[in-house]
Amino acid sequence: MTYRIDGIDVPAENPFQHDQLNRKPLIESLSGLINRLSGPFVMALDSSSGTGKTTLVRMLIRNLEDSGHRCIYFNAWKVDYATDPLIALVSSIDHMDPNHDNADNARLRKVKAITTALAQMSLAATVKGLTSGMLDVDEVIKAIASNSIPKPDPDMVGLFNQEKELLDRFREELTRAIGLLLKTEKKSSLVFFIDELDRCRPIFAIHLLERIKHLFDIENIVFVLSIDKKQIEASTRAVYGSEINATEYLRRFFDLEYGIPVPDTKDYTNSLITRFALDSVFRSRADSHAAFQGDKNHFVNTFDLLANAFELSLRARERCITRLRIVLDLTPEDRYLDPVLVALLIVLRSDKPEIYHRFIAGEKSPDDVMDHLFSLPGGKIQKSDISVIAMHAYLLLSDPDRDRARNRNQKLKVEAEGEQDEYAASLQRTKDFFTGLHRWEISLDHVARKIDLISRVRE
């Protein structure tokens, strides 16, 4: 059983083999732009968290490498436990393993030595500033505990001057080292990708941006940062206070900001179903019962409509299909799946759990749920959409408050008479069709229990 899927494979020989979001044109456009750049340059690829930035970056790296670029991939989130990101950044360059000669090795060794010195000096300055030169750990703890930290040592000025000299040497030696690393390459620029920055601790994320700006602003390096700008702005305010103009502050770090367009999400939903090995499940159910043949399409159409209306991220959609996997596993092949209802409940459970739980408990009516859907921004939920009518009909049939359901059914019949109310008439016909199809009441609680079971499975 597949309840969790791995990241999308990006083969070196064909990086677009699993391009589920049709991003090849975008990647080729970005690749062409980067080909025309010469460092120093910093580009930000902006898109909300969970929208597939990492896969896009991996495809872009493959595409750039095919055109002769040297690329480095740096996952910032994996090292955000570090105090200073400088060491991790330099380590990424050292791990390029380009079979460089002794001269290259010497330059990189010097860069690493300066990096180590900068890190040690930063630590020493911090300790010295807090403890006035005390290096005994017990003494430091006592000083902090008693709130009797001495004033900073006057030698802090000397430490600052030494650090400034080291920073200048760092930029000088790094420039030479990068030049040597690229001397046999087709392209003159090293493309340094920073990923998952928006998931890092705020102080680490901002410190990394500042290190890039002040220490890596050198020839032959192009930085490409995949970010959720809103989250980075929040990190900026967390570090510097809510009064800071985070948008203006971040603008000084990026030479170009590129907003990644929203992909075709229905293709992505179908690809998730395939990756969760659900195609064969749907086929098997369709083979066992003719009435189930449209289940996959009904689920995909309804889920895509709702996921777009609720603006679910790609990562959130993946978690929803995990819930679908559970529901299918717990639904016998000879029982109706009710894919429209399942899609609606899964999305509500994921994005609006309060509405979901209150409807399951009978505290919210089917009309309350539909009113919320109709009120979503963008007007994506329209009464003329057959999937919307189907959702409403399923909600009416599964209402756990039977007295309310009976009264609503009587009201609907009156509204539908003479077909003066076109929506009511369509809703009545759809509801009658589902009633004849089932020949039994839909157990909302039974469906909900299957959806909620996912809470016991690690997503």
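A crossing of two helices is called left-handed if the near helix is turned anticlockwise from the far one by less than a right angle, and right-handed if it is turned clockwise. Before using that, a word on where things come from. This is a predicted model, in which local features need pLDDT of at least 70, side-chain atom pairs count only at pLDDT 80 or more, and totals for chains, interfaces and linings use all residues. Residues are numbered from 1 along each chain as its sequence is written, and side-chain values use heavy atoms, with hydrogens and water left out.

**The overall picture**

The protein has 20 helices and 5 strands. Here helices (H or I, at least four residues) and strands (E, at least two) are DSSP runs, numbered from the N terminus. Of the 459 residues, 47% are buried; buried means under 20% relative accessible area, exposed means over 50%, and partly exposed is in between (1.4 Å probe, protein chains only). Now take contacts (heavy atoms within 4.5 Å). Among those between residues at least 6 apart in sequence, 78% join residues at least 24 apart.

**Two helix pairs**

Two packed helices are described by the angle between their axes and the distance between the axes. The axes are lines fitted to C-alpha atoms, for helices over the stretch in contact, and angles run from 0 to 180 degrees between N-to-C directions.

Start with H10 (residues 265-275) and H13 (residues 314-329): they pack at about 40°, with axes 10 Å apart. That makes H10 oblique to H13. In this scheme, angles under 35 degrees are roughly parallel, over 145 roughly antiparallel, 65 to 115 roughly perpendicular, and the rest oblique. The crossing of H10 and H13 is right-handed. On the H10 side, Thr-265, Tyr-268 and Leu-272 make the contact, while H13 brings Leu-314, Arg-317, Glu-318 and Ile-321. Sorted by class, these are 4 nonpolar, 1 polar and 2 charged residues. Ala, Val, Leu, Ile, Met, Phe, Trp, Tyr, Cys and Pro count as nonpolar, Asp, Glu, Lys and Arg as charged, and the others, Gly among them, as polar.

Next come H3 (residues 85-94) and H7 (residues 202-215), whose axes come within 9 Å and cross at roughly 60°. H3 and H7 are therefore oblique to each other. Their crossing is right-handed. Residues in this contact include Leu-86 and Leu-89 of H3, and Phe-204 and Leu-208 of H7. The contact of H3 with H7 has 7 nonpolar, 1 polar and 1 charged residues.

**Around Phe-193**

Which strand holds Phe-193? Phe-193 is found in S3. Its C-alpha atom is separated by 8.4 Å from that of Ile-61, 132 residues apart along the chain. Leaving out residues up to four places away in sequence, Phe-193 touches several residues, including Ile-61, Cys-71, Tyr-73 and Val-224.

**Residues to look up**

Glu-196 is in the loop between S3 (190-195) and H7, and Asn-220 is in the loop between H7 and S4 (221-227). Neither is a glycine, yet phi is positive: about 60° for Glu-196 and near 75° for Asn-220.

| Residue | Relative accessible area | Class |
|---|---|---|
| Phe-193 | 1% | buried |
| Cys-200 | 6% | buried |
| Glu-196 | 12% | buried |
| Cys-71 | 14% | buried |
| Asn-220 | 21% | partly exposed |

Finally, how many disulfides are there? The count is 0, with a disulfide being a pair of cysteine sulfur atoms within 2.5 Å.
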